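Student: Hey, I've just opened this one and I'm new to it. Can you walk me through a few spots?

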Amino acid sequence: MAYELEEVRISQEIFYYLLEHHELQGDAEDVLYKAYTEQEKIQNLVKSQGELANSTIERYGNVIYLIPKEENNFLGFSKPQLKVALCKSNATDKDYYLSQFVILTILVEFFDGQGSSSKTREYIRVGDLQNCISQRLKEGAENAGEEEEDGIAFQDILEAYEALRSDEKGSRARTTKEGFLHQILTFLQKQGLVEYVEQDEMIMTTKKLDNFMDWNLLNQNNYQRIRRVLGVAEHE
């Protein structure tokens, strides 16, 4: 398929914009958005550049997203980078997997994977989320015993969670349960995935996360596996 020089130039402009901003929101006045959605050749060129950058380009609603693939440590985050961003200093793998368990729990609390929109609540209090994390870890450890279920070693993660101190004064130290959760929520907010209102201890999801869950992440296979891992399906 032959491409005009102007088509190549516009596709490069769109891709550079996505590299810089990670998303391109569309409206009637947005030339780049209209070029992507209305001209198949330009869209194909942008998607091709995304593939070369080990990413995918997806449009959900009126927003075009650049989504790094799992192994993309240049545009995304590597495990060591996430461990530094989310966990205490000298964190172990147990601490890292605890941080990922917290994020999965947040997703399950907000989304159920059913209907035209998977979102089931507008907000959750930080204290309620902390209780959910503690309850699911204890139930998972009791049910799994010494065996790993779906790749999650509940006992190891529970030990990492219980090793964190509790501080009713709301400490931000990563060695406390409150500080550990605060660090994760702050990180998710920087990525544009949640709104974390510290003074009210309230968590809300953003439109970006809602779109990802509705259009991409929550196919039924992935969603049911998450629920099974967290022990939700068996306890309803």
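Predicted model: local features only at pLDDT ≥ 70, side-chain atom pairs only at ≥ 80, totals over all residues.

Student: Remind me, what is a disulfide?

Tutor: A disulfide is a covalent bond that joins the sulfur atoms of two cysteines.

Student: OK. Is C87 buried or exposed?

Tutor: C87 has a relative accessible area of 2%, so it is buried. C132 counts as buried too, because its relative accessibility is 17% and the cut-off is under 20%.

Student: Switching to rings. How many aromatic pairs does a search of the whole structure find?

Tutor: The search turns up 7 aromatic pairs. One of them is F77 with F187: the ring centres are 5.2 Å apart and the planes sit at 70°, so this pair is edge-to-face.

Student: And where are F77 and F187 in the chain?

Tutor: F77 is in the loop between β3 (63-68) and α4 (79-86), while F187 is in helix α8. They are 110 residues apart, so the pair links distant parts of the chain.

Student: How about F77, buried or exposed, or something in between?

Tutor: In between: F77 counts as partly exposed, at 37% relative accessibility.

Student: What about Y96 and Y97, how do their rings sit?

Tutor: Their centres are 5.3 Å apart and the planes are at 65°, so Y96 and Y97 make an edge-to-face pair. Y96 counts as buried at 11% relative accessibility, whereas Y97, at 42%, counts as partly exposed.

Student: Which residues form an aromatic cluster?

Tutor: Y60, Y65 and F212 form one cluster.

Student: Nice. Which ring does the charged end of K177 sit over?

Tutor: The ring of Y161, with the charged end of K177 placed 5.1 Å from the ring's centre. Both residues come up again with Q130, which touches Y161, K177, E178 and L181, leaving aside residues up to four places away in sequence.

Student: Where is Q130, then?

Tutor: Q130 lies in helix α6, which covers residues 126-144. At 17% relative accessibility, Q130 counts as buried.

Student: New topic: where is R172 found?

Tutor: R172 is in the loop between α7 (154-162) and α8 (177-190). With 40% relative accessibility, R172 counts as partly exposed.

Student: What does R172 touch?

Tutor: Skipping residues up to four places away in sequence, R172 touches G179, H182, Y196 and E198. The side chains of R172 and H182 are also joined by a polar contact of 3.3 Å.

Student: And how far apart in space are R172 and Q183?

Tutor: Their C-alpha atoms are 7.7 Å apart, and the two residues are 11 residues apart in sequence.

Student: Last one, L45. Which helix is the place of L45?

Tutor: L45 is in helix α3, residues 40-52.

Student: Buried or exposed? And which residues does L45 touch?

Tutor: L45 is buried, with a relative accessible area of 15%. Not counting residues up to four places away in sequence, L45 touches Y3, E7, V8 and S11.

Student: How far apart are L45 and S11?

Tutor: In sequence, L45 and S11 are 34 residues apart; in space, they are 6.0 Å apart from C-alpha to C-alpha.

Conventions. Residues numbered from 1 in each chain as written. Heavy atoms only, no water. Helix = DSSP H or I, 4+ residues; strand = E, 2+ residues; numbered from the N terminus. Buried < 20%, exposed > 50% of the residue type's maximum accessible area, 1.4 Å probe, protein only. Contact = heavy atoms within 4.5 Å. Polar contact = N/O pair within 3.5 Å; in protein donor to acceptor, adjacent residues only side chain to side chain. Phe/Tyr/Trp six-rings, centres within 6.5 Å; stacked < 30°, edge-to-face > 60°. Lys NZ or Arg CZ within 6 Å of the ring centre and 35° of its normal.
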